[in-house]
Amino acid sequence: MKHTLRTQLSLGFSLIVFVTIGLISLTANLMINRRFEKYVEAQQKAFSDNLAAGLGDQYNTYTGEWNLDYIHGFGMYALEDGYILTLYDKEEQVIWDAQNHDMTLCHQIMNRISLRMEEEKPETKGNFVTFRYELKKMGTLIGYADISYYSPYYFNENDFLFIDSLNQILLITGILSLAGAVAAGTLFAKRITRPIAKATELARKISEGNYGMGFECRAGSRELQELIQSLSQMETSLENQERLRRRLTTDMAHELRTPLANVSSHLEAILEGVWEPTEKRLQGCYDELMRISGIVTDLEKMRQIEGENLIFDKEPVDLFKLVRAVRGAFEPELLKKRLTCSICCTSGDVPVPVPGNEKRLHQVVFNLLSNAVKYSNEDGHIFIKLETSHSHVLLTVEDQGTGISKEELPFVFERFYRTDSSRTRKTGGAGIGLAIAKSIVLAHGGKIWAESEEGKGSRFFLSLPREINK
Ligand code: ADP
């Protein structure tokens, strides 16, 4: 069974935190324990040294006697702490011995320490070791002290308490951090997965053909926000495609219906003997058939050009020269509509080379100028401008003609799209000129777009890179 992304993320976070906290607790515990053991060991050695020094102080050099009362108190106090003293004079005669004094207490204390240490810290493998000290006063040997204690170290009740509290603190911190991490991980996972779930829902609805849902969701990360935006754009673009597809079908039906109806009614009348098959009537039928054939040719042309655009060689094409040549070809039509057409090049009268295919770029400029002429009103003006930057060449074709409405502007580069106003006029073509231009420009690594205001005119922009894009 596949788990949800949210469960996987939550589990992942928890596992990472669990392992991290576990490792930190373990190393902290080990390090602190090790340090504490060293500290206790050093303390016990220092205590034993101090005991020996203290015993030496109880010898009176003048009388040659030991302060036995004090030594007794001293020895009993040390015994309580686990140190077993035996004091000898310089002839090694016993002066005070803890074991002789209270053998039972000595064994009780030794047993208690050994048992506790074997139980709690068997790894130390310690036992009672006797250390001999030479006692000296002003450089003269006055006796010996044997001090036995559990070596290398032992923990008293306070030490065990300290270590236990430390372990408890580490355990509580670990549990609290883990609980915090699980809660934070779940929240975080929720934050990540919520927009993904919404995006999935959106994609599902789009795949079912539901458009225009107005998807609004803010994601916490840039990547997710981009994913949502891309989906939103995809929705809009699919919706547009769908609308175009429907319109294309209606347009095609409309385009084909009229000539087909004309031809069939003409032929029907001729067959039924209502009409004489005169040359004029047959010519009419032939013209209509030619129109149908023209539409089919356009369809084929579009497919062919899109296929061809995938591969072609690029050579330097002088855009300035090309624009002047295209303008020259339109001279009769410009005259017919009494249009003026100016060409302006910001870099002066010099060649403007771009890497590309001359024939195809010629077709792009031809289509742009042909539209400008077609949709210009009589006595208008057409401006062609060439601007060069270090990386691109920008060609602008501006007219003062009919313009395109805001609603229709985004679709003019789509295949077989014709604005409503152009369809009602006799001027329009099949609606593939700009689609062909766009396809060619894209194959050159460039961009083509338009600005327009209905009733005032249009401005078409063509941007081409000056270097061949790898
Ligand atoms: P067509 O062959 O119909 O001109 P295009 O692809 O060249 O096809 O253009 C698509 C549609 O865009 C045209 O039908 C027209 O409605 C609109 N159009 C293109 N250029 C212009 C322009 N300069 N002024 C106004 N409308 C334009």
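1. Helix H8 (residues 319-329) lies across S8, strand S10 (381-388), strand S11 (392-398) and S13, contact meaning heavy atoms within 4.5 Å. The helix runs at about 175 degrees to S8; axes are lines fitted to C-alpha atoms, for helices over the stretch in contact, and angles run from 0 to 180 degrees between N-to-C directions. Helices (H or I, at least four residues) and strands (E, at least two) are DSSP runs, numbered from the N terminus.

2. This is a predicted model, in which local features need pLDDT of at least 70, side-chain atom pairs count only at pLDDT 80 or more, and totals for chains, interfaces and linings use all residues. Residues are numbered from 1 along each chain as its sequence is written, and side-chain values use heavy atoms, with hydrogens and water left out.

3. The order S8-S10-S11-S13-S12 describes an open sheet of 5 strands with mixed pairing (two strands pair if DSSP finds at least two bridges between them). Strand S8 (340-345) and strand S12 (447-453) each have a single partner strand, so one side of each is left without a neighbour in the sheet. From one strand to the next, the twist averages 10 degrees.

4. S12 and strand S13 (residues 457-465) pair in the antiparallel sense over 7 bridges. Lys-447 stands opposite Ser-463 in S13.

5. Helix H1 (residues 5-56) packs with helix H2 (residues 68-80) at an angle of about 170 degrees, their axes 11 Å apart. That makes H1 roughly antiparallel to H2 (angles over 145 degrees count as such). Residues of H1 in this contact include Phe-47 and Leu-51, and those of H2 include Ile-71 and Phe-74.

Terms used:
Angles under 35 degrees count as roughly parallel, over 145 as roughly antiparallel, 65 to 115 as roughly perpendicular and the rest as oblique.
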